Amino acid sequence: MKVLTVVGARPQFIKAFVVSRALKPEHEEVLVHTGQHYDEELSDVFFDELGMDEPAYNLGVGSGSHGQQTGEMTAELESVMIQESPDVVLLYGDTNSTLAGAIAASKLDVRVAHVEAGLRSHNRDMPEETNRILTDHASDVLFAPSESAVDQLESEGITDSVYNVGDVMYDSLLWARDRARDMSDVLSRLDLIEGKYVLSTVHRAGNTDDPGRLESIVRGLAAAPYPVVLPAHPRTVDRLKAHSLWELATSELQVVDPVGYLDFVRLMDGSVQIATDSGGIQKEAFYLDTPCVTLRDDTEWTETVEAGWNVLVGADQSLIAETLQTPDSPESKPNPYGDGEAGTHIVDVLETLIVDNRAQV
Ligand code: UD1
Ligand code: UDP
């Protein structure tokens with residue numbers, strides 16, 4: 001089986017790692033990096049740490065407006081897909097790289113498989129929501145991480161070739177957790193004490209582009225009863241400076257560069273609470289039993305909220321401050337996102353659909 005995998009942004013390298021290792025050594029994988037993320041700390045560090053193969057192609061598309069970035073990626077991906085003629089194109093999550101892969105492959109009539117299908121925040125202002133919906137509706141095989149994602153697809157009329165395989169990020173977290181405890185020295189490097197700091201990330205366009213929301217978040221975080229460490233996405237650094245909030249942020253918070261995956265898992269594991277607008281980090285906090293405060297008004301990872309481990313606070317300064325005073329760790333936790341073997345389940349399904357079918361022809 002020949003799989004062409006499209007990645008481009010930080011969380012996609014981590015997700016692809018899980019399936020790539022399950023494809024080896026039996027199947028051929030052509031890894032294509034669109035170049036959406038290109039800084040060393042947002043890209044190369046993950047390939048090194050996770051021991052991933054160098055991408056066979058790096059399209060070097062870089063940053064740009066949504067239309068320009070997605071359009072350029074689509075054109076470049078189309079050429080690679082024609083050249084490689086894969087059995088299936090594998091896409092992850094909800095970024096512009098995901099959507100570009102879906103457009104290019106579906107128009108070439110190449111089979112498209114989407115990992116993290118069926119997630120919805122029901123907030124159409126988020127570019128990611130548009131990317132998810134369009135990608136799901138262009139896909140032939142839908143790998144949902146939970147039962148609620150399967151139900152969501154069904155409500156949109158998508159019932160064929162939908163598989164609940166669990167969350168690939170649960171697999172990667174299980175791989176990383178003990179390694180991070182053994183190998184990462186990030187707490188001492190950043191002068192942090194286990195259980196005595198809050199970890200935060202902010203990078204959503206809806207939060208960083210709006211000066212009012214960004215200021216309110218910084219002020220809310222600053223009221224935490226513990227020091228707050230914020231590994232800042234370059235977009236956030238840029239916006240903090242553009243909105244004249246850099247001085248405030250760096251005086252109130254410990255703003256540091258983004259860190260590698262093992263260091264980040266260690267930071268999540270050791271923190272008293274996580275405040276984030278990331279999608280992936282909400283789940284990782286849940287897997288690590290670290291209470292999460294989500295700096296958004298909605299989430300696609302609804303089970304974490306229903307279970308009481310995640311609280312949606314938006315960009316409301318007083319609500320952020322208040323929720324950071326009282327971390328809530330419920331006594332029990334459900335397990336809605338699979339068995340930690342999503343990568344193997346995905347490869348099993350693809351083998352059944354592609355290899356077994358070919359054998360029957
Ligand atoms: C993208 C995804 C988002 C995902 C996030 C993961 C879309 C629409 N957004 O958001 O869903 O959660 O990745 O981190 O696909 N930049 C750099 N260096 C880089 C990459 C970006 O400095 O290596 C800066 C550029 O100024 C760029 C900005 O960050 O304009 C935004 O980058 P972009 O990839 O467009 O979106 P993200 O905010 O990273
Ligand atoms: N992450 C990391 N270093 C950081 C911040 C995040 O390794 O400094 C990892 C994190 O553990 C998670 C993923 O990056 O696996 C989440 O990426 P991000 O928040 O950028 O994207 P989202 O999940 O919101 O799409």
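Contact is taken here to mean heavy atoms within 4.5 Å, and in this predicted model the buried residues of helix α3 pack, in that sense, against the strands β1 (2-7), β2 (28-33), β3 (57-58) and β4 (88-92) and against helix α4 (96-107). Helix α3 comprises the 19 residues 66-84, which at 1.5 Å a residue should span 27 Å, and the 26 Å between its end C-alpha atoms agrees with that expectation. The buried residues of α3 are Q69, T70, M73, T74, L77, V80, M81 and E84; they cover an arc of only 140 degrees around the axis, which places them on the same side of the helix. An α-helix has 3.6 residues a turn, so residues three or four places apart point the same way. The face of α3 turned away from the buried side carries G67, I82 and Q83, which are exposed. Just after the helix, S85 adopts a positive phi of about 45 degrees.

The strands against which α3 packs include β1, β2, β3 and β4, and these belong to an open sheet of seven strands, ordered β3-β2-β1-β4-β5-β6-β7 and paired in parallel. The edges of this sheet are formed by β3 and by β7 (162-164), each of which pairs on one side only. Strands β1 and β2 are joined in the parallel sense by six bridges, with V7 having H33 of β2 as its bridge partner. The parallel pairing of β2 with β3 rests on two bridges, and here H33 is partnered by N58 of β3.

Within this sheet, six of the six residues of β1 are buried, so the strand is largely enclosed by the rest of the structure. In a regular strand the side chains alternate between the two faces of the sheet. Both faces of β1 are covered, with K2, L4 and V6 buried on one side and V3, T5 and V7 buried on the other. T5, a residue of β1, has a relative accessible area of 0% and is therefore buried, since the cut-off for burial is under 20%. When neighbours within four places in sequence are left aside, the contacts of T5 are A16, E29, V30, L31, V32, L90 and Y92.

The parallel strands β12 (residues 292-294) and β13 are joined by three bridges, and V293 has V311 of β13 as its bridge partner.

In an unreviewed entry, UniProt lists residues 25-351 as "domain: UDP-N-acetylglucosamine 2-epimerase". In the model this span is 47% helix and 14% strand, and its end C-alpha atoms lie 13 Å apart.

Methods. Residues are numbered from 1 along each chain as its sequence is written. Chains are lettered from A and ligands numbered from 1 in the order in which they are written. This is a predicted model: local features need pLDDT of at least 70, side-chain atom pairs count only at pLDDT 80 or more; totals for chains, interfaces and linings use all residues. Side-chain values use heavy atoms; hydrogens and water are left out. UniProt positions are given in the numbering used here, feature names are shortened, and annotations may be inferred rather than shown by experiment. Helices (H or I, at least four residues) and strands (E, at least two) are DSSP runs, numbered from the N terminus. Two strands pair if DSSP finds at least two bridges between them. The expected span of a helix is 1.5 Å times one less than its number of residues. Buried means under 20% relative accessible area, exposed over 50%, partly exposed in between (1.4 Å probe, protein chains only). The arc is that of the directions from the helix axis to the C-beta atoms.
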